[in-house]
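Colleague: I have a model open and would like to go through it with you. Can we start with the fold as a whole and then look at some helices?
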Amino acid sequence: MDSLGDGNHTAVTEFILLGLTHDPVLRVFLFIIILCIYLVTVSGNLCTILLIRVSTQLHHPMYFFLSNLAFADIGFSSSVTPNMLVNFLVERNTIFYFGCVTQLGSTAFFGSVECFLLASMAYDRFVAICDPLLYSTKMSTRACVQLLIVTYTGGFLNCCSFAICFYNLDFCGSNRVNHFFCDFAPLLELSCSDISVPAVVPSFTAGFVILSTAIVILVSYIYIFITILKMRSTEGRHKAFSTCTSHLTAISLLYGTTLVIYVMPKSVFSTDQNKVMSVFYTVVIPMLNPCIYSVRNKDIKEALKRQIGRQTLS
């Protein structure tokens with residue numbers, strides 16, 4: 001263990017990530033699977049960003065937020081997955097102190113950005129369905145940029161709360177983190193200092209992000225469902241609801257997994273089960289989002305067909 005002497009204490013300068021498993025055969029299998037997932041994640045989300053960029057029919061607020069969600073998915077997955085892949089190939093995966101706080105901060109940042117973006121997209125659907133005549137006014141370019149500023153500012157503040165509290169932790173014993181990335185909870189378990197404040201502040205900021213965005217989403221969809229039920233035309237109801245299905249699926253995946261990992265009592269799941277849920281949250285969901293929006297979204301599918309047709313003709 002690399003360390004620095006400081007009086008009667010030994011300060012940790014690097015951490016050892018224990019990873020998902022020690023079974024060499026399973027490690028090779030997981031490396032191949034997760035590498036494929038990561039490649040699909042990066043390529044799928046990049047294609048989403050490029051498609052929205054080049055397709056004029058997708059230059060609408062909903063897809064403006066979707067392109068930023070795709071960027072956040074790439075950032076979120078890239079914060080964790082490359083280091084996890086290295087962990088499968090080496091016997092002892094070490095990460096330096098600064099690398100650990102960078103990974104912790106980036107996951108907090110991109111995770112928060114995703115929550116705010118999903119809330120912005122819910123508000124966009126609310127305005128489009130419940131107040132369509134004022135849609136162009138309420139969801140103007142200026143309004144979208146303001147929502148985006150709030151999104152990235154909120155992500156930055158949550159990132160800072162985790163990073164500052166991490167820097168206030170003293171590590172003078174074991175440096176073995178029982179996880180595949182620098183998550184805050186297992187790091188707290190290694191600290192030899194008073195964790196009362198460092199444990200509460202990030203929980204408060206992360207809880208505020210999750211709760212505030214969840215309330216925006218819930219209220220938006222309550223009004224959306226009421227408006228849809230009031231529609232006389234069955235076709236109109238189906239068309240209105242179909243514009244929300246992709247977004248609802250993405251919300252269910254993200255908030256459902258977040259609820260299980262961070263809200264459910266720790267006694268409900270073992271450490272290994274929690275790791276598996278974290279893999280789904282940090283690795284699988286960023287891959288699923290472009291699949292959800294491409295398969296279940298008519299506008300995306302039509303824009304993709306047009307671009308493929310143009311490339312074929314040219």
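Colleague: Among contacts in the protein chain between residues at least 6 apart in sequence, what percentage join residues at least 24 apart?
Modeller: That share is 76%. Keep in mind that this is a predicted model.

Colleague: Noted. How many helices and strands does the protein chain have?
Modeller: There are 11 helices and five strands in the protein chain.

Colleague: And what are the spans of the C-alpha trace along its principal axes?
Modeller: About 75 × 45 × 35 Å.

Colleague: What percentage of the residues is buried?
Modeller: Buried residues account for 46% of the 314 in the protein chain.

Colleague: Then take α1 and α2. At what angle do their axes cross?
Modeller: Helix α1 covers residues 24–54 and helix α2 covers residues 61–89. Their axes cross at roughly 160° and come within 9 Å. An angle over 145 degrees counts as roughly antiparallel, and α1 and α2 are therefore roughly antiparallel to each other.

Colleague: Is that crossing left-handed or right-handed?
Modeller: Left-handed, for α1 and α2. By class, their contact has 19 nonpolar, eight polar and two charged residues.

Colleague: I was looking at Ser77. Which helix is it in, and is Ser77 buried or exposed?
Modeller: Ser77 belongs to helix α2. Its relative accessibility is 1%, so Ser77 counts as buried; the cut-off for buried is under 20%.

Colleague: What is Ser77 in contact with, leaving aside its neighbours within four places in sequence?
Modeller: Ser77 then has contacts with Tyr38, Thr41, Pro82, Thr282 and Pro286.

Colleague: Another serine, Ser43. Where is that one?
Modeller: Ser43 is in helix α1. With a relative accessible area of 37%, Ser43 is partly exposed.

Colleague: Next pair. How do the axes of α2 and α3 cross?
Modeller: At roughly 160°, with the axes coming within 9 Å; helix α3 is residues 97–130. That angle makes α2 and α3 roughly antiparallel, and α2 passes α3 in a left-handed crossing. The contact of α2 with α3 has 14 nonpolar, nine polar and four charged residues.

Colleague: Last one, α5 and α7. What is the angle there?
Modeller: Roughly 170°, between helix α5 (residues 141–167) and helix α7 (residues 196–230), whose axes come within 9 Å. So α5 and α7 are roughly antiparallel to each other as well. α5 passes α7 in a left-handed crossing.

Colleague: Which residues meet where α5 touches α7?
Modeller: From α5 there are Asn158, Ser161, Phe162 and Cys165. They meet Pro198, Val201, Pro202, Thr205, Ala206 and Val209 in α7. By class, the contact of α5 with α7 has seven nonpolar, three polar and no charged residues.

Notes
Residues numbered from 1 in each chain as written. Predicted model: local features only at pLDDT ≥ 70, side-chain atom pairs only at ≥ 80, totals over all residues. Heavy atoms only, no water. Axes fitted to C-alpha atoms, helices over the stretch in contact; angles between N-to-C directions. Helix = DSSP H or I, 4+ residues; strand = E, 2+ residues; numbered from the N terminus. Parallel < 35°, antiparallel > 145°, perpendicular 65-115°, else oblique. Left-handed = near helix turned anticlockwise from the far one by under 90°. Contact = heavy atoms within 4.5 Å. Nonpolar A, V, L, I, M, F, W, Y, C, P; charged D, E, K, R; others polar. Buried < 20%, exposed > 50% of the residue type's maximum accessible area, 1.4 Å probe, protein only.
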